[in-house]
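Have the viewer open and turn the model as you read.

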Amino acid sequence: MFARDRARAAELRERYPHAAEVFGLYLALVEAWESVGDRVPSDGAVEWAHVHVLPRVIEATAAHGPPLLAAAVRIAVGNGLLAPDARAGPPAAAKGPLGTAAGSGGGPLGTARRSAGGLLDAWLAGEELPPVERYLARATMRVVPLATPPDHEAAGAGPVRSDPRREPGRCPACGGAPQLSYRTAGDDPLVSGRRMLHCARCAHEWSFSATTCPQCGETGKRTVHAEAAEESPRGQPRVGRGSAADDALFPHLRAESCETCRGYLIDVDLGRDPRAVPHVDELAAIPIDLHMADHGYTKITPNLMGF
C-alpha cells in the first residue's frame, strides 16, 4: 500500500540533504502505517486508530523525528498531555512547557492537554489545532479511509451550515481543503498536463481549473514561484518568481500563489519528473515554503510536517 511512498521518500532523502530529517521521519511513519496493514475495521475506525495507530506514530516520531518535534512529542506524552485512555470530552487547560490552553499555540511548537481520542475527533471536526496535535492527528488518520464529511454535530462542533463539498476548491469526496496540486504528464512536452488537486484530509484527487485559485476562486492573478538556480553562493537553493531553471535541484516543484487572497499551493509537474509521487515530493519544497512565508503568502493547508 505504501511501497511507492517508501521508495520515493528513500530516493529523495539522498537527493535533498536539506530535507533529510523530514524524509527520515516519513519513512518511519510508513513503517508504522504498514505495521497495521489492512486491519483497519470498517466500523469504529477512529476508535481503533487511537488505540492501535497513534502509539506507533508517537514512537516513530520520538525515535526519528526532527529534534524539536521529537522532544515536543516526548514531553507531551511524559506529562500526560495526550492521555491514551481518555476518550473525547473537551480539552482541559494545561500548565507546563508546551502551552497553557487548547488552541493557544503555547510552547515552542504549540500543544495542549487533550485526550488522544479527543484529539482525533477535533481534527475530524475541522478544529484549528496546535502544530504538534495537528501532526499527530494527521499521521494517525493516514490509514483510516474517509469517504464522507465528518459528523461535525456528533463531534461537538455545532451544526454544519453548508456542504463543504460544494465549495470551490474543496474536496468533492469529504469537503477537505487541498494539500497540493500537480500536473499530469502530457503527450506534448511543451504543453502542461491536466491540473489535479490532492485532498489534505482523505487523499482523494480531483481535476481543477489550471488558472483558478482553490481558496478564493480568483481567476486572473496567479503568480509562479520556483527555484531559479541550483544553488546560491551560500549553498542554499534560490527561489524567485518565474518557472524553475533547468539546472534547479527540484525543477518539478513550484508554488502557485493568488495575489487576491495571498494563499498558495505547491505544484508538482509530473511532465518534468514522471517518477514523482506528489504528496511525497511536496515535502521537499521547504526552500519554496520559506520563500513564500518571507513574502507574506500563506499555504492553503500546511503539509503533514507542518510546512
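## Terms and ground rules

For residue classes, Ala, Val, Leu, Ile, Met, Phe, Trp, Tyr, Cys and Pro count as nonpolar, Asp, Glu, Lys and Arg as charged, and the others, Gly among them, as polar. This is a predicted model, in which local features need pLDDT of at least 70 and side-chain atom pairs count only at pLDDT 80 or more, while totals for chains, interfaces and linings use all residues. Residues are numbered from 1 along each chain as its sequence is written, and side-chain values use heavy atoms, with hydrogens and water left out.

## The chain overall

The protein chain has nine helices and 10 strands, taken as DSSP runs numbered from the N terminus (helices are H or I, at least four residues; strands are E, at least two). Of its 307 residues, 50% count as buried; buried means under 20% relative accessible area, exposed over 50%, and partly exposed in between, with a 1.4 Å probe and protein chains only. Among contacts (heavy atoms within 4.5 Å) with a separation of 6 or more, 57% are between residues 24 or more positions apart.

## The second largest pocket

Cavities and pockets are found on a 1 Å grid over the protein atoms alone: a cavity is a set of points where a 1.4 Å probe fits but cannot get out, and a pocket is an open set with protein on both sides within 12 Å along at least five of seven lines; lining residues have an atom within 4 Å of a point. Grid points are joined across faces, edges and corners, and a volume is the space filled by probe spheres set on the points.

The second largest pocket holds about 590 Å³ of space. It is lined by 31 residues, and closest to its centre are Arg142, His198, Arg201, Cys202 and Ala203. Two or more lining residues come from each of α2 (20-36), α7 (131-141), β3 (178-183) and β4 (195-199). By class, the lining of this pocket has 19 nonpolar, six polar and six charged residues.

Ala203 sits in the loop between β4 and β5 (205-207) and has a positive phi of about 70° although it is not a glycine. Most residues other than glycine have a negative phi. Ala203 counts as partly exposed, because its relative accessibility is 32%.

The structure holds one cavity of 30 Å³ or more. About 90 Å³ of space lies in the largest cavity, where Cys213, Pro214, Arg222, Ser257 and Cys258 are the closest to the centre of the 15 lining residues. Strands β8 and β9 (263-269) each supply at least two residues of this lining.

Strand β8 (residues 253-258) also contains Glu256, which counts as buried because its relative accessible area is 5%. Polar contacts are pairs of N or O atoms within 3.5 Å; within protein, one must be able to donate a hydrogen and the other to accept it, and residues adjacent in sequence count only if both atoms are side-chain atoms. The side chain of Glu256 makes one of 2.5 Å with that of Arg183 and one of 3.0 Å with that of Arg222.

## Lys299 in strand β10

Lys299 lies in strand β10 (residues 298-299) and is buried, because its relative accessibility is 9%. Its side chain has a polar contact of 2.5 Å with that of Glu282 and another of 3.3 Å with that of Asp289.
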